[in-house]
Amino acid sequence: MEKNKTSYINLNNARENEQIAVMQKIADENHCPFCPENLMLYHKQDILIDGQYWLATYNQWPYHHTKHHLLIIYKEHATHLADLADGAGSELFHIVKQLEQQFAFEGGGLALRFGDTDFSAGTVNHLHVQLIVPDAMAKDFEPVRVKLGLQWERRK
Ligand SMILES: [Zn+2]
């Protein structure tokens, strides 16, 4: 049986064909695409903020109906909240405040999913925060939904 879930990624949660192709390559290499030493191999977006614990960048595969979809990625391999350094929380909020000012976000949300990707519905099993500003003024706008948990039929 084809195995879509490794220690580092879960293709069952991938959304776009190009994302699936890149992630399949990463799965074959069996390394973590968000660890800094690998990030630059696959991630083609600018780094907006490079902090002590986190770096902020654009999501390579933004969700539909988003005006801004940024990722704030922990700079060491981490999957559970307990893996985070004590100072990481305050730096995270410092970064999101900076981004809010820099981009003049009208409003949106933060999503921090963690742990087993069958539960988090994350594609990459490395702690990251999504900062999402919906494209709410667009005519064809539909609400942006962040999923938690993967349905049984999609697991393989
Ligand atoms: Zn990692």
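Asn125 is buried, with a relative accessible area of 13% (buried means under 20% relative accessible area, exposed over 50% and partly exposed in between, using a 1.4 Å probe and protein chains only). The structure is a predicted model, in which local features need pLDDT of at least 70 and side-chain atom pairs count only at pLDDT 80 or more, while totals for chains, interfaces and linings use all residues. Residues are numbered from 1 along each chain as its sequence is written, and side-chain values use heavy atoms, with hydrogens and water left out.

Asn125 sits in the loop between H4 and S5 (helices, H or I of at least four residues, and strands, E of at least two, are DSSP runs numbered from the N terminus). Leaving aside neighbours within four places in sequence, the residues in contact with Asn125 include Ser7, Tyr8, Ile9 and His77 (contact means heavy atoms within 4.5 Å).

His77 leads on to the metal site. The zinc ion has as its protein donors Cys32 (SG), Cys35 (SG), His77 (ND1) and His126 (ND1), at 2.1 to 2.3 Å. Donors are N, O and S atoms within 2.8 Å of the metal (3.2 Å for Na, K and Ca), and sites may look incomplete because water is not among the atoms. The angles among the 4 donor atoms are 103 to 118°, and the site is tetrahedral, a label given to four donors if all angles lie between 85 and 135 degrees. Along the sequence, the donor residues follow the spacing C-x2-C-x41-H-x48-H. Cys35, in the loop between helix H1 (17-29) and helix H2 (36-42), and His126, in the loop between helix H4 (117-120) and strand S5 (128-134), are 91 residues apart, and this pair links distant parts of the chain. Both Cys35 and His126 are buried.

Turning to the strands, S3 (residues 66-74) is mostly covered, with 8 of its 9 residues buried. Strand S2 (residues 54-58) pairs with S3 in the antiparallel sense over 5 bridges; two strands pair if DSSP finds at least two bridges between them. Here Trp54 stands opposite Tyr74 in S3. S3 also runs antiparallel to S5, joined by 7 bridges, with Leu71 opposite Gln130 in S5.

Across the whole structure, 5 salt bridges are found (a side-chain nitrogen of Lys or Arg within 4 Å of a carboxyl oxygen of Asp or Glu). One of them joins Asp118 and Lys5 at 3.1 Å, N to O. Asp118 lies in helix H4 and Lys5 in the segment before H1, so this bridge ties together parts that are 113 residues apart in sequence. Asp118 is buried at 15% relative accessible area, whereas Lys5 is partly exposed at 22%. Asp118 also forms a salt bridge with Arg155, their closest N and O atoms being 4.0 Å apart. Lys5, Asp116, Asp118 and Arg155 are linked in a network of salt bridges. Elsewhere, Glu106 and Lys67 form a salt bridge, with closest N and O atoms 2.5 Å apart. Glu106 is exposed, with a relative accessible area of 60%, and Lys67 is partly exposed, at 42%.

Methods
Four donors count as tetrahedral if all angles lie between 85 and 135 degrees; four count as square planar and six as octahedral if opposite donors are over 155 degrees apart and all others between 65 and 115; anything else is irregular.
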